[in-house]
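Dear colleague,

Please find below the structure that I am handing over to you.

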Amino acid sequence: MEPLPHVRPSQARSSLARRARAHLVGAADAARSEQANRHLANLLALIAGTLNSVGFVAVSVYTSHMTGLTASVADHLVLGAYSVVGVGLLAIGSFVLGAMACAVLFNWGRRRGLRGRYANVLVVEALLVLVFGGAADLLVWRHRTMVFVAVLCFTMGLQNAIITKISQAQIRTTHVTGMVTDIGIELGKLVYRSRRAGLEPVRADLSKLSMLSVLVGLFFVGGLVGAAGYLAIGFPVLLVPAVVLLAVALPPVLADLRRIRS
C-alpha cells in the first residue's frame, strides 16, 4: 500500500484560502447555483442577526421584525402612545423602502445584463452598514434614534428582498418565524409513520431542514455577536460584517466596470 502524500501546512492553508476565495467570488454573481445561494444566505443570516441585535440593544427596536412592529403600532395606537407608533411606522416604512430600492437596483441591472444585478444591492447594503458603523456614535442629534431605526430597517428591507430574489422566494434571512415554521413542518414529516399500504410515504426534505436549521443558528450567533459587540465597542462592531459583505459583493460589480471600460 502506497503511503499517503504528505501535505505541508502551508499548502493546506493555501488550498483552503483558494476554496474560500472561490466561494466568496461566486456568492453574489449573476450565475447562481444552490450552493452559492446557501453560502450567501448563511452570510446574510449572520449579518441580519447582528444588525437586529445591535438595533435592539441600541434603540430597543428589532429592526427585522415587521410582524412585531406592526402589532406594536396597533397596540400603542389604542393605548395612545403615539411616539411609539411613530417609531413603528418609520421602521415599517423604511423596511418597505429598502425592499423597493432593491427591486429598482436589481431590475436596472437585469435589464442591462449585468453580472452585478444582485451584487449592486449588496454593495449598497455593505456601504450603508460601513458608514453607519463608523459614524453612528458621532451623531449627537437628540432624535438620532429615528435615524438609527430608519437606516437599520432600510438595510434589512434591502437584504430580505435581495435574498428573496436570488432564491426565488425559497430563502429569507431576516424572517425567522417562517424558517422556524418550515423546520417544524419538516420535523413533522420526519417523525410521521405511514400505516396505510399502497400510499406514497411522507418524506422529510432533509436538505431543506439542514439549510433552515443552519440559517436560524447563524441568525442566533449573529445576535450574540451584535449584542456583545455593541456593549463592548458600540456601533463599530458592524464594521467587520460590512467589510466582509463588501468583499463578497465587489467582484461581479468590478467585472461589469471592466467590461464597460473595455
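What percentage of the 262 residues in the protein chain is buried? Buried residues account for 37% of them; buried means under 20% relative accessible area, exposed over 50%, and partly exposed in between (1.4 Å probe, protein chains only).

Please note that this is a predicted model, in which local features need pLDDT of at least 70 and side-chain atom pairs count only at pLDDT 80 or more, while totals for chains, interfaces and linings use all residues. Residues are numbered from 1 along each chain as its sequence is written, and side-chain values use heavy atoms, with hydrogens and water left out.

Overall fold

The protein chain has nine helices and zero strands. Helices (H or I, at least four residues) and strands (E, at least two) are DSSP runs, numbered from the N terminus.

Aromatic pairs

Six aromatic pairs are present in the structure. In Y230 and F235 the ring centres are 5.1 Å apart and the planes stand at 70°, so this pair is edge-to-face. Rings of Phe, Tyr and Trp (its six-membered ring) pair if their centres lie within 6.5 Å; planes under 30 degrees apart count as stacked, over 60 as edge-to-face and the rest as tilted. Both Y230 and F235 are buried, and together with F132 and F148 they form one aromatic cluster.

The loop between α2 and α3

The loop between α2 (34-59) and α3 (66-79) holds Y62, and S60 also lies in the loop between α2 and α3. S60 is exposed, with a relative accessible area of 57%, and its phi is near 60°, a positive value in a residue other than glycine. Y62 is partly exposed, at a relative accessible area of 39%.

The structure contains one cavity of 30 Å³ or more. A cavity is a set of points, on a 1 Å grid over the protein atoms alone, where a 1.4 Å probe fits but cannot get out; lining residues have an atom within 4 Å of a point. Grid points are joined across faces, edges and corners, and a volume is the space filled by probe spheres set on the points.

Yours sincerely

Definitions and conventions: On a 1 Å grid over the protein atoms alone, a cavity is a set of points where a 1.4 Å probe fits but cannot get out, and a pocket is an open set with protein on both sides within 12 Å along at least five of seven lines; lining residues have an atom within 4 Å of a point.
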